[in-house]
Amino acid sequence: MKSMDSMPDLPETLPLLALRNRVVFPQMALPLYVGRERSVAAIESAFHGDGLILLAAQRDDKMEDPRVEDLYETGVIASVIQLFRLQDGTLKTLVSGLARVRIADVVQEEPYYRVTFTMSRSIESTRNEAELALLMSQVKEVFGKIVRKGNKLPTEILSALDQISNPTQLSNVIMGQFAASYDVAKSQEILEMLDPGERLERLLVLLSEELDILSDEIKLKNRIRSNMRRSSGFIGAAKPEEMPPEVDEMKQELTELEERIFQHKLSEEARDRAIKELRKLKLMAPMSAEATVVRNYIDWILALPWEHTSEDILDITQSQAILDQDHYGMEKPKERILEHLAVQTLSKKVTGPILCFTGPPGVGKTSLARSVARACGREFIRLSLGGVRDEAEIRGHRRTYIGAMPGKIIQSMKKAGTANPVFLLDEIDKLSSDFRGDPSSALLEVLDPEQNKSFNDHYLDLDYDLSKVLFIATSNSLSTIPWPLQDRMEIIELDGYTEWEKLSIAFKYLIPKQLERCGIPEGGVTFSEGAVKAVINHYTREAGVRSLERNISSILRKCALKMVRGGKNTGSEYRLKSSSISTWLGKKRYNFGIPEGGNTTGVVNGLAVTAFGGDLLVAEASTVPGKGNLSLTGKLGEVMQESARTALSCVRARSSAFGLDVDFHDKVDIHIHFPEGAIPKDGPSAGITIVTAIVSSLLQIPVHSDLAMTGEITLRGRVLKIGGLKEKVIAAHRSGIRRVVIPKANTVDIDEIPHKVLSQMTILPVDTVDEVLNHALDQRQVTKKTVFSNTPVDWRT
């Protein structure tokens, strides 16, 4: 086993557990029974915290509630490996000693002692290396005689001792085998010795005494057996001696384990391995460290659901109702789950799908996965992957490590209790990697339908079938997920909610939920539609509804406070309208895009999609006499800057049609600006917006302020398809704009726009930039002949 020299940084304080009749050494694993109130609180705090506790022996084992000064100052830091409660309320725990320390100060007394400590490391021995080597050899020789004569310890421990070359570790391991039989004062004396040579000398004396006692016991037993044979008148085999109580208890546990192995539904490989490990366990001493490791391994095999599955709900109508009850909209993921259930109804040999819900924060990815489990009638388990950077978190540690455990996948399957749960891998895009490995690579086997039927955890070293599990991953972005991992998942994109969807969610889910939480009776506070819209547009800027829920909760808490102060707790007390929201939430935090008042030269209403939904993106163009410079401002991304250069080249190619000199671009400087310069902007969909702004500024023709546009431009003046049409049209509608120019290729996406919005909008599909300009430029305000008459003019007049 590996030592804990490489253990992580220790905390400054640890819970303190007082031991009676027992001294624990480093490199020593043993079970403890904890019943005292203060001790129970300490061990539970350690187990549910960082898993570390400080163990110190009592000076007087009769004291029921010892104080810190009643304990020996030198103790051992131990890791809490297992903890479970017995029927009588006592806790049974398995601890493993890590390092020797001295208690410094008490920082907490209730409900348990918490202390600071200092490390108590071995000093350089006064003996030379030859003397130390001789002492170690003598200690191993005497201990070997005790093992072979006593038949209480497994002989395998001797081969393990041969590999130990550190005198301190040797004394720790050997004392771990005898600590229970020696009185506390002797064991504590050896624990406190810092000189490895002195420790070995003292240990050699104790072992020699133990060997003498053992030899006397053997002589006495042989004499008694000889007398019994003579008195009975015949020579025969003696009756077996009565076994010690702990051996009887171990035999009973081994019998129960054997019954469980044959009764439990295991794979053939797992059953063979469990039987093999049980045979090894029968040959070991009950209190040895190796026996604890083997017993723990068998318990893990028996605790996993190898073939036990829950029955799926195959009623599509019922599943649909459950999904609709929990979430508004989200048609694509709901339809995919129903497809899976439909296929499972027709075919019984269906492997679980591997889905990935990706979208902005707060749109309901995690809660949707929980609803999927409820709709399918399956157990739900969640594993958060944010910040995980160790491959062993996924695949577990090998059993050669002290305190080794299976990985999170196997641990979660044990927690689920069935072989076909809904398994949520939350925040899969937040995985990272370092020198300990790449957990995303370990997930490749988990999320591959062709491989996960034989997933191999390092701790179990057995093939475990994950093919029945319905895996759902969530992410905010696909860019940080490695491509091989993306390829194994079915990506389902969840868009941010529109204003109308947020409105429906608020009235159907958020307001009733917060009214109940605040204890306000139904009708005690009512919201108008305008009030909720005001909260959405002026107090939140998000794709989801978390901030909206927080603001609704804030309003209701203030209402509850007024009700209690005024003695009002029944009836319709508060009716909230849009005009009164500022009195509850303060001044407006955000303003959505508002178009310019009146038609303006060089100013065009563009449309964009952000992480928070659609928004109005105003483009401004200004031309002044100069030397042909193009300035781009407004924190534009690389793609948007390229789109602006493409737009200018398109205008230059059409200069004669616009009535401009062929070399006009050498005589003017053009400045293109997008307001709100602190906000990054990128993407190609502002192409036709930039062209329109440049042409309007060059020709001094105003642009219709009641019109917005979106579309990518090419050098030849073609308008290409863009994304996010629904969000952009909704943003235009919210800003009071009723005409929108879109690429003709996007007409197939018009059905996604809510009917309530579409019925009030005029959609203008275009194929070329000429069509865009005909819709956008206000031809009524043209005082001179321009592009529309195809007659050259002097644009500078």
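# Helix packing, aromatic pairs and selected residues

A185 is partly exposed, with a relative accessible area of 47%. This residue belongs to helix α5, which covers residues 184-192. Along the chain, A185 is 164 residues away from N21, yet the C-alpha atoms of the two are separated by 9.5 Å. The model described here is a predicted one.

S528 sits in the loop between β14 (525-527) and α18 (529-538). In sequence S528 and R575 are 47 residues apart, while from C-alpha to C-alpha they are 7.5 Å apart in space. Leaving aside residues up to four places away in sequence, S528 touches F507, L576, K577 and S578.

## Helix pairs

| Helix pair | Angle | Axis separation | Crossing |
|---|---|---|---|
| α21 (residues 638-653) and α22 (residues 687-699) | about 50° | 9 Å | right-handed |
| α8 (residues 268-282) and α9 | about 155° | 10 Å | left-handed |
| α10 and α12 (residues 365-376) | roughly 155° | within 8 Å | right-handed |

Helices α21 and α22 pack at an angle of about 50°. That angle makes α21 oblique to α22. On the α21 side, the contact is made by S643, A644, A647, L648 and V651, and on the α22 side by G687, I690, V691, I694, V695 and L698. Sorted by class, the residues of this contact are nine nonpolar, two polar and no charged.

For α8 and α9 the angle is about 155°, and the two helices are therefore roughly antiparallel to each other. Helix α8 contributes A270, R273, A274, E277, L278 and L281 to the contact, and helix α9 contributes A291, V294, R295, Y297, I298 and I301. The contact of α8 with α9 has nine nonpolar residues, no polar ones and three charged ones.

The axes of α10 and α12 cross at roughly 155°. These helices, α10 and α12, are therefore roughly antiparallel to each other. Their contact is formed by S319, I322, L323, Q325 and D326 of α10 together with S371, V372, R374 and A375 of α12. The contact of α10 with α12 divides into four nonpolar, three polar and two charged residues.

## An enclosed helix

Helix α15 spans residues 439-446, and six of its eight residues are buried, so α15 is largely enclosed by the rest of the structure. The buried residues of α15 are P439, S440, A442, L443, E445 and V446. What do these buried residues of α15 pack against? The helices on that list are α13 (392-395), α14 (408-416) and α16 (483-487), and the strands are β9 (422-426), β10 (455-456) and β12 (470-475).

## Aromatic pairs

Across the whole structure, a search finds four aromatic pairs. One of them is formed by W306 and Y464, with 5.0 Å from centre to centre and 65° between the planes, an edge-to-face arrangement. This pair links distant parts of the chain, 158 residues apart: W306 lies in the loop between α9 (289-303) and α10 (316-326), and Y464 lies in strand β11 (residues 463-464). Are W306 and Y464 buried or exposed? W306 has a relative accessibility of 8% and so counts as buried. Y464, at 1% relative accessibility, also counts as buried.

Y574 and W584 form a further pair, with ring centres 5.8 Å apart and planes at 90°, so this pair is edge-to-face. Because Y574 lies in strand β15 (residues 574-576) and W584 in helix α20 (residues 581-585), the pair ties together parts that are ten residues apart in sequence. The relative accessibility of Y574 is 16%, so Y574 counts as buried. W584 counts as buried at 10% relative accessibility.

Methods:
Residues are numbered from 1 along each chain as its sequence is written. This is a predicted model: local features need pLDDT of at least 70, side-chain atom pairs count only at pLDDT 80 or more; totals for chains, interfaces and linings use all residues. Side-chain values use heavy atoms; hydrogens and water are left out. Axes are lines fitted to C-alpha atoms, for helices over the stretch in contact, and angles run from 0 to 180 degrees between N-to-C directions. Helices (H or I, at least four residues) and strands (E, at least two) are DSSP runs, numbered from the N terminus. Angles under 35 degrees count as roughly parallel, over 145 as roughly antiparallel, 65 to 115 as roughly perpendicular and the rest as oblique. A crossing is left-handed if the near helix is turned anticlockwise from the far one by less than a right angle, and right-handed if clockwise. Contact means heavy atoms within 4.5 Å. Ala, Val, Leu, Ile, Met, Phe, Trp, Tyr, Cys and Pro count as nonpolar, Asp, Glu, Lys and Arg as charged, and the others, Gly among them, as polar. Rings of Phe, Tyr and Trp (its six-membered ring) pair if their centres lie within 6.5 Å; planes under 30 degrees apart count as stacked, over 60 as edge-to-face and the rest as tilted. Buried means under 20% relative accessible area, exposed over 50%, partly exposed in between (1.4 Å probe, protein chains only).
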